[in-house]
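Take a walk through this structure with the text below. Begin with the overall view, then move to the details.

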Amino acid sequence: MSINKKTRQLLSLTALQIFATLLVLTFLMPTLWMISSSFKSSTEIFVVPIKWIPDSLRWKNYVDAFTQPALPMWDFIKNTVMVVTVSLLGTMVSSVMVAYSFARLQWPGRRLFFGIMIATLMLPGIITLIPRFIMFKDFGWINLTIPIIDVYFPWLPLVVPPWFAGTGLYVFLMYQFMRGIPDELDEAAKMDGANRVQILTRILLPLCKPVLATIAVFGLIQYYNEFMEPLIYLSKLDSWVLALGIRAFNDTNVQNWELVFSASVVMLIPVLVLFIVAQRYFVQGIAMTGFGGR
Amino acid sequence: MPISQHPTSNLFMTNSKRIPWRDWLAGYLFASPFIIGLLVFVAYPIGYALWLAFQKTDLDFGGLTTKFVGWANFEKVFTDPIAQQALYNTAYYTVFAVPLQLIFSFSLAMMLTQPLRFRDFYRAGFYLPIIVPVVASAVVWQRVFHPDYGILNDFLSWFGVPAQKWLFDKNLAKPAFIFMSLWQIGRQMVIFIAGLGNIPQSLLEAASIDGANAWDRITKITLPLMTPLIFYNLVIAIIASFQIFTPALIMTDGGPENSTLFSVLNIYREGFLFFNMGYASALAWELFVIVIGFTIAQFYISQRWVYYEE
C-alpha cells in the first residue's frame, strides 16, 4: 500500500517535471527566437517552417543596426544611461529621506501622508499625463535649452519627478525595512551626540544595503522601460532614449526583421545581465511588496 | 506583504508627551520631497485635468489657449463611437486577461512549490519575460503573431491548427493581446509562490490525516489562506489592464478597424496627436473614475471573500 502510494507520487512528480520543462521551454521561445533571429540573414528569417539555428552567426546585423544613419543608436544609449542614472539617484535619495521621516520621526500629519502615499500606489497614472505635459510646457522644460550656459537639456520632465519620491513603492519598501531596525541604535547614536543626518547616513543606511539594492534594481528596470513619458516629452530625435529608438527602428525596418531583432537584443542585454547578477534582489523585493520590475 | 494588510495603526503616536517643534520641523523636512512631489506632480495635475475637461483647447506656438465649454467634452465622451469602442475594447481585454492571468500564475506557483528538480531554473524562466523591456517584447510579439513567419502559427501547426491572421484579424487581435499578457505573469507568480511558502505544512498534513484528498486540501485550505494575495494581485492586475498602452501602440496602433484601440491609446491620440487636450482630459477622467471605482468596489466586496488571519 505505502509502496504503491510512493510510486504513484513519484510518477506524478515525474509527469509534472516533464510538463514544467515543456512549459518553461514554451515560455522561453519568444526570447530565444528573438536572440536566434538576430543572427540570421533575411532569407533565413523568412522560411517556413521556422529555422531555429542560423547557419552562421551574422554579427554584421548588430553592426548594421548601430550604423543606420537615420537612427543614432549610440545617442539613444547615451541618453538612456543619463536619464536612468539621474532618475535612479533621485529615487534613492528621496526615498531614503522620506522613508526615514515616516519610520523614525514624529510629526503631525505623518499618518495621513503615509496613507496617501499608499493610496497613490493604486492611482491610475493616466490621469496626470496631459496636465503634467502642459505644466512642464509652462515651466519651459519641454525642448529646454538652458539659458546662459546654452545647453540643450530636454530631459527634465523625466528626471525631476523621481527626485520627489515619485514612486511611493520605493519609499514603502525602505520604510518597511527601517521599521525592522531596532530604535535602540538611533538612541545610542543620539546619546553620542549624532544628529539626524548622521544617524540616517552613518547608522541606518549601512544596514539598509539589501533594500537599497532592491530599489536600485527595480528603479533601473522601471526607468529603462519607460516608454509613454519619453514618447510625449522627447520630440527631437537626438534626445530619444532607447525605448523610443527601438520603436522607430521597428517602424522603419518593416522588411529587415533581423536588424529589429538585434536592436531589441541590444536593449535586452543590460537588464538580462542585471537579472542574472541580482536575481535574489528581484525575488526579495517582489515578495516584500508585490510590486517590482515595471 | 500586501499593502491592504499593512498595519498603519502601528504609526499611531501612543505617547501623549509633547513633541518639540524641532522634531516636527525635521519630520516635515525629511518628508518634504514626497509632500512637494505629491502636491506638484499628483494633486495639482489631477485637479488641473478636471478643469481642462471643461475646456476646449488649442495648442499652438503661442502655448495653450482654452475656452470654457461646459459639459460638451463629457457629452462627447459618452456619445463618441470611437470612445465607446475604446472603452469596450479595454473592458473586453480586462475581463478576459485578468482572470486568466490569475488562474495561470496561481497554477504555475502551485506547480513550482512541488518538490521538483531545477525549481529555481523554472522560476527564473517564467519570470524572465517580465525582464524583457516592454518595447522589445512588443516588437518581438508583433512578429510572434505574424501569419506567415511567426512562431505562434508555426507552433500551432504541430497540433494541426490552421494558420491564423492574429493581429490582422479584428476578431483575433484582442485575444492575441490577452494571450501575450499571459506570458507576462512572472510577478504575480512570484507573489503566489511567496504566499504558498507561508502556508503551514502542518495544516495540510492534518487535513491529509483526516482524509482530505488533494482537491479538498487546495479548495478548503490553500485557496482560503491565499485569498489576501489573490485579492492583491487582482487589484493590481485590473489597474494595469485598464491602462494597457505600449503593446497596442507598437504592435497594431489600434487596428485592425480599431479593434485594439484601448482607452489610453485613444487618450494619447486625442491629446498628443489631435491636440484636443480638453476632450482627452475628459476621457482620462472617465477612465480614472472607472478604475478607482473598481478598486474601491473590490475593497468593499473583498470583505466577503478575503480571509485574514487574526
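Predicted model: local features only at pLDDT ≥ 70, side-chain atom pairs only at ≥ 80, totals over all residues.

Residues are numbered from 1 along each chain as its sequence is written, while chains are lettered from A and ligands numbered from 1 in the order in which they are written.

Start with chain A. It holds 15 helices and 2 strands. These elements are DSSP runs, numbered from the N terminus: helices are H or I with at least four residues, strands are E with at least two. The C-alpha trace of chain A spans about 80 × 70 × 35 Å along its principal axes.

Chain A is divided into domain 1 (1–28) and domain 2 (69–289). Such bounds come from an automatic or database domain assignment. The C-alpha centres of domain 1 and domain 2 of chain A are 42 Å apart.

Now look inside chain A at a helix pair. Helix H4 (residues 73–104) and helix H8 (residues 168–179) of chain A pack at an angle of about 50°, and their axes are 8 Å apart. Axes here are lines fitted to C-alpha atoms, for helices over the stretch in contact, and angles run from 0 to 180 degrees between N-to-C directions. H4(A) is therefore oblique to H8(A). Under 35 degrees counts as roughly parallel, over 145 as roughly antiparallel, 65 to 115 as roughly perpendicular, and the rest as oblique. The crossing of H4(A) and H8(A) is right-handed. A crossing is right-handed if the near helix is turned clockwise from the far one by less than a right angle, and left-handed if anticlockwise.

Which residues make this contact? On H4(A) they include A:Thr91, A:Ser95, A:Val96 and A:Arg104. On H8(A), A:Tyr170, A:Met174 and A:Arg179 are among them. Two residues are in contact if their C-beta atoms, placed from the backbone, lie within 7 Å. By class, the contact of H4(A) with H8(A) has 11 nonpolar, 2 polar and 2 charged residues. Ala, Val, Leu, Ile, Met, Phe, Trp, Tyr, Cys and Pro count as nonpolar, Asp, Glu, Lys and Arg as charged, and the others, Gly among them, as polar.

One backbone detail in chain A deserves a look. A:Asn143 has phi near 55°, a positive value in a residue other than glycine. A:Asn143 sits in the loop between helix H6 (129–139) and strand E1 (145–146) of chain A.

Turn to chain B. Its assignment gives domain 1 (20–68) and domain 2 (73–305). Their centres, taken over C-alpha atoms, are separated by 32 Å. In chain B, 10 residues of domain 1 are in contact with 10 residues of domain 2. On the domain 1 side, helix H1 (21–52) and strand E1 (55–60) of chain B each supply at least two residues. E1(B) gives the most, with 4 residues. That side divides into 6 nonpolar, 3 polar and 1 charged.

Chain B has a helix pair to inspect too. Helix H3 (residues 81–112) and helix H8 (residues 186–197) of chain B pack at about 50°, with axes 8 Å apart. H3(B) is therefore oblique to H8(B). Their crossing is right-handed. Among the contact residues are B:Gln101, B:Phe106 and B:Leu112 of H3(B), and B:Gln188 and B:Phe192 of H8(B). The contact of H3(B) with H8(B) has 10 nonpolar, 3 polar and no charged residues.

Chain B also has a cis peptide bond, from B:Gly255 to B:Pro256, with omega near -10°. B:Pro256 is in the loop between helix H11 (246–251) and helix H12 (263–273) of chain B.

Finally, bring the chains together. Their contact takes 83 residues from chain B and 81 residues from chain A. H1(B) gives the largest share of the chain B side, 20 residues. That side has 66 nonpolar, 11 polar and 6 charged residues.
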